[in-house]
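Let's go through this one together, question by question. Have the chains up on your screen and follow along.

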Number of protein chains: 6
Amino acid sequence: MQHSEIGVVHTKVERPDPDLVERLSAFGVATVHEAMGRVGLMRPYIRPVYAGARLCGPAVTVLLQPGDNWMLHVAAEQVQEGDVLVAACTTECEDGFFGDLLATSLRARGCRGLVIDGGVRDVADLEEMEFPVFSRAINAKGTIKATLGSVNIPVVLANAFVRPGDVVVADVDGVVVVPQERLLEVLEAAAKREANEEGKRATFAGGTLGLDLYEMREPLAALGLRYED
Amino acid sequence: MQHSEIGVVHTKVERPDPDLVERLSAFGVATVHEAMGRVGLMRPYIRPVYAGARLCGPAVTVLLQPGDNWMLHVAAEQVQEGDVLVAACTTECEDGFFGDLLATSLRARGCRGLVIDGGVRDVADLEEMEFPVFSRAINAKGTIKATLGSVNIPVVLANAFVRPGDVVVADVDGVVVVPQERLLEVLEAAAKREANEEGKRATFAGGTLGLDLYEMREPLAALGLRYED
Amino acid sequence: MQHSEIGVVHTKVERPDPDLVERLSAFGVATVHEAMGRVGLMRPYIRPVYAGARLCGPAVTVLLQPGDNWMLHVAAEQVQEGDVLVAACTTECEDGFFGDLLATSLRARGCRGLVIDGGVRDVADLEEMEFPVFSRAINAKGTIKATLGSVNIPVVLANAFVRPGDVVVADVDGVVVVPQERLLEVLEAAAKREANEEGKRATFAGGTLGLDLYEMREPLAALGLRYED
Amino acid sequence: MQHSEIGVVHTKVERPDPDLVERLSAFGVATVHEAMGRVGLMRPYIRPVYAGARLCGPAVTVLLQPGDNWMLHVAAEQVQEGDVLVAACTTECEDGFFGDLLATSLRARGCRGLVIDGGVRDVADLEEMEFPVFSRAINAKGTIKATLGSVNIPVVLANAFVRPGDVVVADVDGVVVVPQERLLEVLEAAAKREANEEGKRATFAGGTLGLDLYEMREPLAALGLRYED
Amino acid sequence: MQHSEIGVVHTKVERPDPDLVERLSAFGVATVHEAMGRVGLMRPYIRPVYAGARLCGPAVTVLLQPGDNWMLHVAAEQVQEGDVLVAACTTECEDGFFGDLLATSLRARGCRGLVIDGGVRDVADLEEMEFPVFSRAINAKGTIKATLGSVNIPVVLANAFVRPGDVVVADVDGVVVVPQERLLEVLEAAAKREANEEGKRATFAGGTLGLDLYEMREPLAALGLRYED
Amino acid sequence: MQHSEIGVVHTKVERPDPDLVERLSAFGVATVHEAMGRVGLMRPYIRPVYAGARLCGPAVTVLLQPGDNWMLHVAAEQVQEGDVLVAACTTECEDGFFGDLLATSLRARGCRGLVIDGGVRDVADLEEMEFPVFSRAINAKGTIKATLGSVNIPVVLANAFVRPGDVVVADVDGVVVVPQERLLEVLEAAAKREANEEGKRATFAGGTLGLDLYEMREPLAALGLRYED
């Protein structure tokens, strides 16, 4: 399974333990990204196509050609219950690769949503179906079916590297990719961070300043920060 | 009536049969665009200014000068019940050419909405009035009234060519322009496509794959697509 | 208090009369911007992070370094009841400088919201808290605490100049800055404009055209506008 | 010959008098655009791919599909001595539709250059060949040959409307389109403007101000411009 | 002299010592920006319009209205030998505000160049004249003369704050603004930095690494950087 | 060696046979990209900082933090004769991470150039030194040295995946990455393509059309392309 090979469908994807994925889905993208050590985030131009869209699941990946959604149909067959479809493109293209029919097909297979470095359409239907999609554009322009890409190879989209079976988490704050082998570690770090934040939230709500909670006054002074009337 | 002449208001617009327009308004932009043969779509940077905005109607066109909305007032007089105002600009400008007062005036004349390759303001009022606007920007910056443009000449905006009387359809997926002489043909193609899609939707919901429904397996194999474990 | 000095916190901000600020908060950004004589508007890439966000208040300003939110903590201490935090950056950066913890801390101090020429995260929480934020991006990417900036110096963000104590008004139409010394004058001009617009709205709703209300027909004809069938 | 029809090659193009084209080629784009009455200019994102590129000639037009340059080969056959090839695309696409081989083929037919709302490659070769190209991007990404477009239909690119036989002028200042029926009029206006500017240039070089040459002091004062120490 | 007042020309500008300006002109923008403490830089979208353009001089400032270059003529009269004209705009506009005639007029008055947050045209002439211009766009689209702005008020452009008499330095690396009162200090810091860099350049050329020259190995190890085969 | 780990420097890079790299350097980016099967190309926003810049060599990779160039110094030590430095960033940042001092240091180690998904400065010096740099921006804004990244881990930049030792080729057409294990294969395909193109060039120069050379007339007709007067 080589990065960027063209014309191949890998039918075997090692997926992570569904319980771990389920537990990860409780955390927001910002928390997961911190738990990752601040790597794995897609560029922020990928946005939810409707308010409130969220998803979490292992990736089935697909590499598309510009203006061509043929491989999405090929990929649909590889999707299993709980998967997220992650679609990269060999070049920048904002055509509408995806709409309500493909969403219906994916949903029938248990797909949890789509992340695509391209455009989508039928957005009103997607919202009504509550099928979460994160994309770079909304665009009614349809696509053709003429050129091979690949399914379940490692792909790069929105500057993030995604391998089949890596876990993708997306919400209003963005899209983050958790490598399968780091899933447990990230889960624990996320839980720890969230517990930690809960306490801080109460402290801040009570009026304590970050300056004091984080003991910042001394290092700021050491760097020369001065207060003036 | 020549493309891009400056300083002219054409008072006679041949409008399409309102019944046909009414029937077209039942279809979404993605469907109409497919029915057109995938031409006539505006660039996707034109977006609705509030969620749920939709419009359909024959165009009254106006060519604006940058930072100047004088011609919108001239155009208002040419608007009739059911029309959509379509505003191009001689250069790229995101100033707020349009707000709630002009919307009130247009509504009083039966106008169905505005598509503008520029900015608009008073967006909260527009949403409350349910006056649909599709624009390239939201911007409080007002405009002056100093330079002539034209009304009801053919215009180009967001890379689409629009003649007075052409039918403009806009929703969350974008904005498409149907040449008046193609209206009936497009209507029929759209109806056919939608009927066709209804059946497909049920098929997909039942779990059939596009690979099988569209008989894609053979052509994919012929191009060399291979499956690997 | 000099523009762009680094490493200083000015603890004394002359704030405007809260009653005047309260009265200004009744007006929308488009109205205030007109009342200002069409200056003081931020570039329109600064957008509300959730639908319905609005704010009005005197500015506490902060100059951030790229990818570093340390100064937001320093600024928090300078915030008083009713203030708006206004954050500029020494360079273009869309990292997530701000999230729900800082929002909680600011709210505890009575802060009315944030305007930032950068990214923010925890947007779902911000919306739930109804803490209004206007930013250039939504981005889960966190920031470090390593480099000094300044608090309560004059700053430039989104091409607008803001001094501590200037009043910032933001809604769906954009963000405008009212210099403290012009507050009364702007308030009066805004009130006058709104009263004036109320009358106009009724006139337009009744079907009168702007061409007639504003007596535009003569100057248009003088410039050579011609009407053709 | 209808705007945006797909799958047609019009083999008959009425071209303007070559002498008029030759005379027009002596003027820069800024002068021609003024002579046109400030219409017909492409959006400024279309740029020369090498310093010093210039072209002038009647358009052979082509409508491309995204990521597909098949129609450029079809268009090449329609090019005659002195023509400029003008390539629009049904959607936004920055792939490299054009390179040195097509340039060689077009040059063999007497083509004067290319304007394309897409990407091109082999730019070093194009510069060495002195084959002028104006494009929206430089991009090594190649294209396929799968879908029909059209040749010699009216097209829209970079927000300009171009019909076969219209004259396209391009230099470092941009790209302007002169409708064939306006060629003589524009030529005369351009010549007049240039003669006029020659005199002005000498006047300005001698130290006279525009304020005096254009008698601006009075209207400025009438609007209330005041001078202060 | 107030920020953003409209309709005023300030005729008295306190200019810095020409000798200091002359000395500053020996330094590049990157060096001056470091000497400033990394503030005062314009956003990098302002670019030279031809290769090799450079300028340095005290600013005469002008605030333009969109698509309107009237105030450039008013500003020309305020320019003295050695000045640089700095043009802001009340909104984003890429029209061609400036061309060879205005350049000729400015040169006749001893102007050293233009920095403009807008478009310019006649770029081939500007290069031939060697009149340096830094702009946000090249655009043949001309402008009108209808609305007042101001001359010699403090302005904001490309997110930098510029007062009349501040010194502007521009080269291929960007544009930086030196407040007049900091000129001597910045000059000294720039000279010191350059002397320092000269030595470093020789050291680096000799093969010494920054890791050793700047003694970075220890702090990197302290943060936990580890080396692996 | 894992994708995106932070705080590690891998000191062992398996480099390809220098003779193969030397042979690859004879081909342009467009040719190599075709030989790769149209994968591996960086997004076209990465541009040469001066005209004529070209490079080819195995990658030493570095992952930077925003506004922080510390890791470039760490990476410099890992560079060997013939290497190209390839710098990714954990977020989008256009600060000037790199200038003439680092270029001098890299050159002293035999480095062939830099590809960076960020900004650079001292561009006039880089051109004079003939040190080729491909970047997303030119920006005088300097950076700090505060946070760890990594050296010689696989990185993603401009949407391309690069591992240490992969060969990077860059010229005016863009930047392409050749996986080390595909080097020989790509070299052969490139040579074959170029030989093939040489013949085609002569054929095209002689007036033969692509329509005939590629036997396109039949498939075009089969799809329904029609010719009309």
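Q: How far apart are the closest C-alpha atoms of chain B and chain F?
A: No contact joins chain B and chain F, contact meaning heavy atoms within 4.5 Å. Their closest C-alpha atoms lie at a distance of 14 Å.

Q: What should I know about the model and its numbering before going on?
A: It's a predicted model, where local features need pLDDT of at least 70 and side-chain atom pairs count only at pLDDT 80 or more, while totals for chains, interfaces and linings use all residues. Residues are numbered from 1 along each chain as its sequence is written, chains are lettered from A and ligands numbered from 1 in the order in which they are written, and side-chain values use heavy atoms, with hydrogens and water left out.

Q: How many helices and strands are there in chain A?
A: Helices (H or I, at least four residues) and strands (E, at least two) are DSSP runs, numbered from the N terminus. For chain A that gives eight helices and 13 strands.

Q: What share of the residues of chain A count as buried?
A: Buried means under 20% relative accessible area, exposed over 50%, and partly exposed in between, with a 1.4 Å probe and protein chains only. Chain A has 229 residues, and the buried share is 66%.

Q: How are H4(A) and H6(B) oriented to each other?
A: The axes (lines fitted to C-alpha atoms, for helices over the stretch in contact) are compared by N-to-C direction, with angles from 0 to 180 degrees. Those of helix H4 (residues 100-108) of chain A and helix H6 (residues 183-205) of chain B come within 8 Å and cross at roughly 20°. Angles under 35 degrees count as roughly parallel, over 145 as roughly antiparallel, 65 to 115 as roughly perpendicular and the rest as oblique. H4(A) and H6(B) are therefore roughly parallel.

Q: Which residues of H6(B) make the contact with H4(A)?
A: On the H4(A) side, the contact uses A:Asp100, A:Leu101, A:Thr104, A:Ser105 and A:Ala108. Its partners on H6(B) are B:Glu197, B:Lys200, B:Arg201, B:Phe204 and B:Ala205.

Q: How many salt bridges are there over all chains?
A: The rule asks for a side-chain nitrogen of Lys or Arg within 4 Å of a carboxyl oxygen of Asp or Glu. Over all chains, the count of salt bridges comes to 125.

Q: How many residues apart in sequence are the parts tied together by F:Glu34 and F:Arg193?
A: These two form a salt bridge with closest N and O atoms 3.7 Å apart. F:Glu34 lies in helix H2 (residues 29-35) and F:Arg193 in helix H6 (residues 183-205) of chain F, so the pair ties together parts whose separation in sequence is 159 residues.
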